[in-house]
Amino acid sequence: MKPENSFRSVRGKILKVSDEYLNLPSEDYRTRMERCPLCFNPGRRVLQVTVSNHVYPEDWKLLMDGFRFCSGNACQMIYFNNATATYFLKSEIKTRFGPKEDEGPKPICYCLSVLEEDIRYEILKKNCCDSLQDIEEFTKAGTGKWCLTTNPSGRCCRDYLGDVVDKFLRMKETAGVKTTLNRIRHDLDGPSAEKQVYLSVKGMTCDSCVTHVSATIEKMGGRNVKVSLKDQDAVFLLPSDTKPDEIAVALTETGYESNVVEKSRTK
Ligand SMILES: [Zn+2]
C-alpha cells in the first residue's frame with residue numbers, strides 16, 4: 001500500500017486520504033480502483049471525452065481511460081484515476097459542478113445554461129412552476145442533448161434537476177402554510193360585506209403567472225377574481241375587513257410588483 005503522503009492532486013496538493021481507503025486490503029484491487037480516496041464513495045466511470053472537456057488543456061496529457069467522477073457532494077475530488085494516481089480536485093478544473101458548490105453560481109443544466117439560482121427563482125419567487133415538468137418547460141433545464149460532454153459528471157442534467165426542484169418545492173410548501181392560516185382565519189370570521197378592489201400587477205408574462213396571481217388573491221379571500229395579462233392588473237371582490245394592501249404586498253413578495261389602484265375602472 002502506498003503511504004498517505006504519496007497522494008497528490010494534479011496541482012501538487014497533498015490529499016487527506018480516508019482511513020477506510022488506506023485500510024483496504026491490498027488484494028481488494030477492485031474496491032481500491034473504484035472508490036474515491038477522499039470520501040470513499042464509489043466513483044462513476046466517465047469517458048475521456050467528458051474529462052477532457054472540463055480539465056485545462058495543459059492537463060490533457062494526463063488523460064487516459066479509467067477516470068471516475070466522485071459523486072460525493074461534500075467531497076473536493078472531482079475526477080480520479082487510482083490506477084495512474086491522477087487526482088483532479090474540483091478547484092483544478094474549468095467547470096463548476098453545482099451540486100458540489102455551497103455558493104452560487106451553481107450550474108445544474110449545462111446544455112441550456114441553467115443555474116440552481118434560476119430554478120429557485122421560478123419556484124420560490126415567481127411561483128410559476130409546481131413540478132419538474134414546469135421547470136423543464138420554462139427554463140428548458142434538462143432538455144439538452146449534450147450532457148455527456150457538457151455536464152462534468154457525464155450524466156444527464158435531469159438526474160440532478162429532480163433533487164433541486166424537490167428541494168425548492170419543499171421550501172415553498174413551508175411558506176404556503178402561512179397563506180393557508182390566513183384563509184382559515186377568514187373562514188372562521190364568516191362572510192361579511194364585500195368591496196371591489198383594483199390592483200396593478202406587474203411582471204406577469206404567461207398564463208401560469210395569471211393563474212398564480214388569481215390563486216394568491218383567492219387564497220387571501222378574494223372572489224370573482226379577474227386578472228388581465230394584457231392590462232397587468234386584477235379586479236376582485238374582497239371582504240371589507242380585509243385590507244387590499246395585504247394582497248398587494250403578498251403578490252409583490254412572490255415577484256409580481258403590485259399596488260392598490262384607487263380610481264375606478266369602467267368595464
Ligand atoms: Zn470523493
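Reply: Two residues are in contact, or touch, if their C-beta atoms, placed from the backbone, lie within 7 Å. The model is predicted, so local features are reported only at pLDDT of at least 70 and side-chain atom pairs only at pLDDT 80 or more, while totals for chains, interfaces and linings use all residues. Residue numbers start from 1 along each chain as its sequence is written.

A nonpolar core here is a set of buried Ala, Val, Leu, Ile, Met, Phe, Trp, Tyr and Cys residues joined through C-beta atoms within 7 Å. Buried stands for 20 or more other C-beta atoms within 10 Å of a residue's own, exposed for 12 or fewer, and partly exposed for values in between. In soluble globular proteins, nonpolar side chains tend to be buried together.

The largest core has 32 residues, and the members that touch the most others are Ile108, Ile119, Ala141, Cys157, Leu161, Val201 and Val213. At least two core residues come from each of S5, helix H4 (116–125), helix H7 (158–189), S7, H8, S9 and H9. Helices (H or I, at least four residues) and strands (E, at least two) are DSSP runs numbered from the N terminus. H7 gives the largest share, 4 residues. Domain 2 (101–171) and domain 3 (194–261) each contribute at least three residues to this core. Leucine 161 itself touches Ile108, Cys109, Leu132, Ala141 and Gly142, leaving aside residues up to four places away in sequence. A separate core of 17 residues includes Cys36, Leu38, Val51 and Phe80.

The domain bounds come from an automatic or database domain assignment, which also gives domain 1 (4–92). The C-alpha centres of domains 2 and 3 are 29 Å apart. Contact between these two involves 4 residues of domain 2 and 5 residues of domain 3. On the domain 2 side, the contacting residues are 1 nonpolar, 1 polar and 2 charged; Ala, Val, Leu, Ile, Met, Phe, Trp, Tyr, Cys and Pro count as nonpolar, Asp, Glu, Lys and Arg as charged, and the others, Gly among them, as polar.

S7 and S9 belong to an open sheet of 4 strands in the order S8-S9-S7-S10, with antiparallel pairing, where pairing requires at least two DSSP bridges between two strands. Strands S8 (223–228) and S10 (258–261) form the edges, each pairing on one side only. Neighbouring strands are turned by 30° against each other on average, direction ignored. S7 (residues 194–201) and S9 (residues 233–239) are joined by 7 antiparallel bridges, and one of the bridged pairs is tyrosine 198 with valine 235. Helix H8 (residues 207–219) packs on this sheet, touching S7, S8 and S9, at about 150° to S8. Helix H9 (residues 244–253) lies across S7, S9 and S10 at about 155° to S10. Axes are lines fitted to C-alpha atoms, for helices over the stretch in contact, and angles run from 0 to 180 degrees between N-to-C directions.

Some backbone details remain. Most residues other than glycine have a negative phi, and most peptide bonds are trans. Asparagine 224, in strand S8, has a positive phi of about 50° and counts as exposed because it has 11 C-beta neighbours inside 10 Å. Glutamine 232, in the loop between S8 and S9, has phi near 55°. The bond from glycine 104 to proline 105 is cis, with omega near -5°.
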